[in-house]
Amino acid sequence: MWGTLLYGCTGGAALLYVLYRWLIPTAAQYHAGVALLWYDVILEPLLDTLSQSTRPQRILAAVQKNATRGNPRSVVAAIDHFCRQKEWAMNVGDEKGLILDSIVTETNPSSVLELGTYCGYSSVRIASLLPPHAKIITLEFNPANAVIARQVIAWAGVEDKVQLVEGPSGDWIPKMKEQFGVKTFDLVFLDHWKDRYLPDTKLMEECGLLRKGSILLADNVICPGTPEYLEYIRNNPRYESRYFKSHLEYTKVEDGLEKSVFLG
């Protein structure tokens, strides 16, 4: 009896281990629903409980352990390695990051607005490519994320180019001109709550923060998806849009970036 019970427990534990280590992660690589459920709903809270830390804190620890202080590209590489080998996180990621890099380089912006800082990955990535005297204002709703992002940005040595602001985007966008002396933005990177893409775009239009030639670059337009935003931006004669097909960060799930040029 005891042997049978022990055998059953051992077999159950082995099955759980196989599910945890291989089967579910493999399925998550190719299925959007599985990926978001597994990484964000199941795995993150479990690891938070077991480690008594948060995912952003674990990302910061990986940066401090593996990245060279003052080297922004080593910070990006350390986060990418952590997210591919240790624990997934919703940064723009290495694959889509190359698309982001090319658009920043092509645009050569002097003023950048980022909506959604998270741990500072894309802020560092953008800042490392900005010309002298250019700056990025990045908005983060979650104060705990902002604490981590400031440390990641400082470790990368780009804090002189990045101004991190805490609070809801809907509150800050109307105050951009008054608070920061911004006339318009050359580039806006949308990577925050997906249901805020459309209202925040309309708010930027209303507040006169977009000029002819301003570029909106929106992440995760397929996964998790921003259908209302895409319908608006692709059917609006004031924009010229192009979709860059790629994959959800650190997976094989289809995702992409939508680049939209404001025509005035």
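The model is predicted, so local features require pLDDT of at least 70 and side-chain atom pairs count only at pLDDT 80 or more, whereas totals for chains, interfaces and linings use all residues. Residues are numbered from 1 along each chain as its sequence is written, and side-chain values use heavy atoms, with hydrogens and water left out.

**The largest pocket**

Begin by selecting Tyr 118, Asn 145, Asp 191, His 192 and Trp 193, which lie nearest the centre of the largest pocket among its 32 lining residues. Two or more lining residues come from each of α2, α3, α6 (121-127), β2 (135-140) and α8 (169-172); helices (H or I, at least four residues) and strands (E, at least two) are DSSP runs, numbered from the N terminus. Helix α2 contributes the most, three residues. The volume of this pocket is about 720 Å³. A pocket is, on a 1 Å grid over the protein atoms alone, an open set of points with protein on both sides within 12 Å along at least five of seven lines; a cavity is a set where a 1.4 Å probe fits but cannot get out, and lining residues have an atom within 4 Å of a point. Grid points are joined across faces, edges and corners, and a volume is the space filled by probe spheres set on the points. Coloured by class, the pocket lining shows twelve nonpolar, twelve polar and eight charged residues. Here Ala, Val, Leu, Ile, Met, Phe, Trp, Tyr, Cys and Pro count as nonpolar, Asp, Glu, Lys and Arg as charged, and the others, Gly among them, as polar.

**The cavity**

Next, select Arg 84, Val 92 to Lys 96 and His 247 to Thr 251, which line the largest cavity. A search of the whole structure finds one cavity of 30 Å³ or more, and the volume of the largest is about 40 Å³. Helix α5 (residues 93-107) supplies the largest share of this lining, four residues. The lining comprises three nonpolar, three polar and five charged residues.

**Helix α3**

Within α3, Arg 55, Pro 56, Arg 58, Ile 59, Leu 60, Ala 62 and Val 63 are buried (under 20% relative accessible area; exposed is over 50% and partly exposed in between, with a 1.4 Å probe and protein chains only).

**Cysteines**

Select Cys 83, which is buried at a relative accessible area of 4%. Its closest cysteine sulfur, in Cys 119, is 8.2 Å away, too far for a bond. The whole structure contains zero disulfides (pairs of cysteine sulfur atoms within 2.5 Å). Cys 207, by contrast, is partly exposed, at 22%.

**Backbone exceptions**

Finally, inspect the cis peptide bond between Cys 223 and Pro 224, with omega about 5°; Pro 224 belongs to helix α11 (residues 221-225). In the loop between β5 (210-218) and α11 lies Asn 220, whose phi is positive at about 60° although it is not a glycine. Is Asn 220 buried or exposed? Asn 220 is buried, with a relative accessible area of 0%. His 133, in the loop between α6 and β2, also has a positive phi, near 75°, but His 133 is exposed at 80%.
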